[in-house]
Amino acid sequence: MKFSFKILLSMIIVMALSLGFSGYYFVNYVFETSLEREVGQALDENSILSFAFETAALSVPAKYSVMPDTTVEEIASNLEKSGQGSGRLLRISGEEKNILYASDGFDINDELLAQTDESVKTYQVVQSEDKYYIHTGTAVTALNRVLYLETMRDVSDVFRERTMGFSLYRRVMFIMLVAGTVIMHFISSFLTKPVRLLTKATKRMSAGDYSYRAKQVSQDELGQLTSDFNSMAETLEQNIEKLEEEIKAREEFMGDFAHELKTPLTAIIGYADMLRSHKLDEEQSLMSANYIYTEGKRLEAMSFRLLDIIVAGKKEAHLQTTSVEAFFEYLKDMYTANPDMKFSFQYEQGEVTVEVNLIKTVLVNLIDNACKASEKGSKIEVNGYSLEEGYRFSVKDYGIGIPEEEQRKITKAFYMVDKSRARSHNGAGLGLALCVEILKIHDSELEIESETGKGSCFSFVIKNDAQQDSISEKEETKDEV
Ligand code: ADP
């Protein structure tokens, strides 16, 4: 059952119950009041009749010391007649509660008479056939006799009014319930609109439309729920996009990896086949073995690089504070002996908090790339500057440069701008991908400036301690939140 129908049904039940109870209470209150008034009047009439009876008894001739039964009947008959038109009914009984006179239609049991005595005036509401009466009883003392006077007052109208009241109220209640149901239907639809819109949004999202958002139509708790739902959907959409990108990147990586594996393997298999199936002279055999060796070495280097990337991606850096001088001394020792290039190492003194071996790997990769991209005898500048936010390392060459549209792609694994040139230098397009992974765990990134034919500058900033601390603190608080 729909939520709006549940609300509607509950409202109808509450309305029907409250209308029913209040109507019953109201009609009954009017009835009770009318009946009370009628009882008062019946008792008054009884008192008036008993007074009239006693007065009439005073005119009984003096020869009677006790009122005879015939006189009682006579007075009773006169009293009944005097009330003609009003439907007066009365009954007179003697001391022994034996009936002396009764009006026609005074057909009632003696229960009330039995309870009536000289000190007790009684009444009861009775039903006789389809009529209702107030039956009263009282003792009358007249001429040395104690008699009992009973009256019956027709109150059928009061009961009829009550029945009519109930019937009228039932009709009014029915009309009010129908009108109320229509109004409450609109109210419940209006109240549950945010729920309907949320349901629509969840259906669209589960059907794959992650960009769909529920419309916020109110500012109350349901409006808040819609806004929370939308921000949850936003996060979900971003995570799904990220996952899809990751899957796509992984697939591309696998494709590139298979492709890069194919070239050396084809060469190795081809030359090995030649060696085993043909009789080659010594020079050809040496050449074939040499191809197998170099391609095998390339495969080995590629597998080591891949391993490094995977390890770097999962690793947490073991940071230690080191003077930058140590890096530049290490690089000087490594490269100044190379006569093919003119190296320049210029740096400002400073300290960085890094995992030393990993940053050395980055710098060596960048310098190797700069050498590969440059003509023999070209200049390569390795510089270090102290900045407000940290320390910048840069490697600048005056080589072939990188076209602008390629600059974004070269950090992707297996990407090479000029494949044959890269392969001739034993490249597999993995060096920069490794650098990016290493810099990521140092909360840094690779910046590339390059112009075709003029050269390239690769640089990165190692943030100083305070900033690194604040970054890790921010991350911690983010996690806590
Ligand atoms: P590899 O050097 O093993 O091919 P890298 O990931 O280090 O792989 O570099 C990817 C590609 O980026 C290289 O193949 C090359 O085309 C280009 N590249 C990198 N550094 C430079 C540079 N300093 N000048 C010009 N091209 C470069």
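What follows is a set of questions and answers on the pockets and ring pairs of a predicted model.

Residues are numbered from 1 along each chain as its sequence is written. Local features need pLDDT of at least 70 and side-chain atom pairs count only at pLDDT 80 or more, while totals for chains, interfaces and linings use all residues, and side-chain values use heavy atoms, without hydrogens and water.

Visitor: What is the mean pLDDT of the protein?
Guide: pLDDT is the predictor's confidence in each residue, from 0 to 100. Of the residues of this protein, 96% reach 70 or more. The mean is 88.

Visitor: How much space lies in the largest pocket?
Guide: On a 1 Å grid over the protein atoms alone, a pocket is an open set of points where a 1.4 Å probe fits, with protein on both sides within 12 Å along at least five of seven lines; lining residues have an atom within 4 Å of a point. Grid points are joined across faces, edges and corners, and the volume is the space filled by probe spheres set on the points. For the largest pocket this gives about 980 Å³.

Visitor: Which element gives the most to the lining of the largest pocket?
Guide: The lining has 24 residues, and Ala249, Arg250, Phe253, Glu437 and Lys440 lie nearest the centre. Helices (H or I, at least four residues) and strands (E, at least two) are DSSP runs, numbered from the N terminus. Two or more lining residues come from each of α6 (221-277), α7 (282-314) and α12 (431-440). The most, 9 residues, come from α6.

Visitor: How many charged residues does the lining of the largest pocket have?
Guide: Asp, Glu, Lys and Arg count as charged; Ala, Val, Leu, Ile, Met, Phe, Trp, Tyr, Cys and Pro as nonpolar; and the others, Gly among them, as polar. The lining has 10 nonpolar and 2 polar residues. Its charged residues number 12.

Visitor: Which element gives the most to the lining of the second largest pocket?
Guide: This pocket holds about 790 Å³ of space. Among its 34 lining residues, Asn369, Lys372, Met416, Ala422 and Gly427 are closest to the centre. By class, the lining divides into 17 nonpolar, 9 polar and 8 charged residues. With 7 residues, the element that gives the most is α9.

Visitor: How far apart in sequence are the parts tied together by tyrosine 24 and phenylalanine 166?
Guide: Rings of Phe, Tyr and Trp (its six-membered ring) pair if their centres lie within 6.5 Å; planes under 30 degrees apart count as stacked, over 60 as edge-to-face and the rest as tilted. These two rings have centres 5.8 Å apart and planes at 10°, so the pair is stacked. Tyrosine 24 lies in α1 (3-58) and phenylalanine 166 in α4 (156-191), so the pair ties together parts separated in sequence by 142 residues.

Visitor: Is phenylalanine 253 buried, partly exposed or exposed?
Guide: Buried means under 20% relative accessible area, exposed over 50%, and partly exposed in between (1.4 Å probe, protein chains only). Phenylalanine 253 and phenylalanine 257 both lie in helix α6, 4 residues apart. At 26% relative accessibility, phenylalanine 253 is partly exposed.
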